[in-house]
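Please examine the sequence and the structure shown below before reading on.

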Amino acid sequence: MQIGAALPATNLNLFQARVKCNGCSLNPSAMATCVNTQTVKTLSSSTKMTKKHISNLEKLLQKQSHTNPSVVDSNPVVQESGNNGLLENRGRNLLEGLNLASIWPEMKAAEEMSPRRLNRLKRLLSSKSMQYSPRNNICSRWKEYHGSNNWLGLLDPLDENLRRELVRYGEFIQAAYHCFHSNPATSAEEGPLSARHVALPDRSYKVTKNLYATSSIGLPTWVDDVAPDLGWMTQRSSWIGYVAVCEDRNEIQRMGRRDIVIALRGTATCLEWAENFRALLVEQNDDLAKEQSKVECGFLSLYKTGGEHVPSLAESVVNEVQRLIEQYKGEPLSITVTGHSLGAALALLVADDVSTCAPNAPPVAVFSFGGPRVGNRVFADRLNANNVKVLRIVNNQDVITRVPGMFVSEELDKKLRKSGAGRMLEMLDCRMPWAYSHVGTEFRVDTRMSPFLKPDADVACCHDLEAYLHLVDGFLASDCPFRPNAKRSLVRLLKDQRSNFKRLYTSKGKDLSINLDREHNFARSSCLPSPSS
């Protein structure tokens, strides 16, 4: 064991100052002479200085063992015969007794991370741990997990099977992000039947329909002339998601029904951003009802507007769901709509339509991640009346979930409606253009609960889809810490949100030689820019 090799070169002087024995300082070369096995063999009989240093080391070790018993190794290494094993063991005990962690902070950080935690970090930084839990048979309770009872008793503490279902549907959204970012442009020839390859996280599902959203905002023709290479950013129609259906018999038996998934990505183009800021409430339909269902103008525009070569999102998704219902008539079916950010908002509009698109429509559930407010109280009541079950996964630090609309908390809104001010609020819903209301059941997570993320993580991290899945995977209950046996890989999150990771884990990831760029070429799942980009 070479002490000179184990110590940083810049700190040799400090080490020399720390180690003194009976007034005789041990310089690095002399210490290496004492401890290095090969050198001992060469100089064992050449000089008296070697014996003197060995004698000094013995006195130092004896002195420290009496004053500080903790330096004694609880699992001593068996000494080999001869001076080699004796010196090697003494050198190891000497280093432990010197408390080098107090000299170099990086050694202290390494000391604080136990071998068990380090092994766990290695596993979490391996992309092989993405499938984090077994698929239990939920056929007898699938309706409950699909929201038939509004997930009563399943959220706090979080049911293990529901946790897995939430993460699984979140990964369907990630597949939509990856598909779009790998080919963001929509050519003039591309249509709804074009063969876009979507790498689904679950091979038991098959994509049956590509979905496109079109903006009604018209840009001047000179924009394309100024930035011809960025034409995909100014295009009105963009690929936004897909419809997939489960076709594996074993998976259908496990889930208790054939599941139809509609997955929608979040904001990615300039025109989609422009639609997000058109936040005035507009009437959803042209009926003459006394109380109008109203939704955000920009969301409705992206949902209802048709493109030059593609139908509207509303038309595409309704026609495809009707076709699948007819194709699998007689089988137990479910429709699951899942989306993140803008996709979460559009998911509510999709669910509203597909819930009434057929006489005996299957149960419809929405799992939304980081979704904004979409409509007024009448719109929320309309979804409830159509038996659409909505589970909103919300991060406490995600500001997107609190816009658009009046800055009034849901708790205050509920209290006012139970009081005598309820009628007044109903009138405001019909008259005011900013009277938004959330829909469904809320499942709240918190960035500060993660042992890996900084408590003051930036807005982009708090809204990032992978951060959401990380927090869901670690959630036990609102009054419990992050679950210690969370198994979801940290590779994707560390790749996109390195600046929001605690320094200990970023340094450890580097020390473990984790090549994030090589592990996976993941597309970003956040619709907000991050300083780490």
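Which side chain meets that of D473 in a salt bridge? The partner is R483, at 2.8 Å from N to O. This pair links distant parts of the chain, with D473 in helix α22 and R483 in the loop between α22 and α23 (491–496), ten residues apart. Both residues are buried.

The model is predicted, so local features need pLDDT of at least 70 and side-chain atom pairs count only at pLDDT 80 or more, while totals for chains, interfaces and linings use all residues. Residues are numbered from 1 along each chain as its sequence is written, and side-chain values use heavy atoms, leaving out hydrogens and water.

A salt bridge is a side-chain nitrogen of Lys or Arg within 4 Å of a carboxyl oxygen of Asp or Glu. Side chains of opposite charge can pair when their charged atoms come close.

Buried means under 20% relative accessible area, exposed over 50%, and partly exposed in between (1.4 Å probe, protein chains only). R265 is buried because its relative accessible area is 0%, and E272 is buried because its value is 2%. K329 and E326, by contrast, are both exposed. A network of salt bridges links E165, R168, D202, E251 and R254.

Helix α22 spans residues 465–474, and ten of its ten residues are buried. Helices are DSSP runs (H or I, at least four residues), numbered from the N terminus. D464 caps the N-terminal end of α22, with a side-chain oxygen 3.0 Å from the backbone nitrogen of E466.

Technical notes. Helices (H or I, at least four residues) and strands (E, at least two) are DSSP runs, numbered from the N terminus. A polar contact is a pair of N or O atoms within 3.5 Å; within protein, one must be able to donate a hydrogen and the other to accept it, and residues adjacent in sequence count only if both atoms are side-chain atoms.
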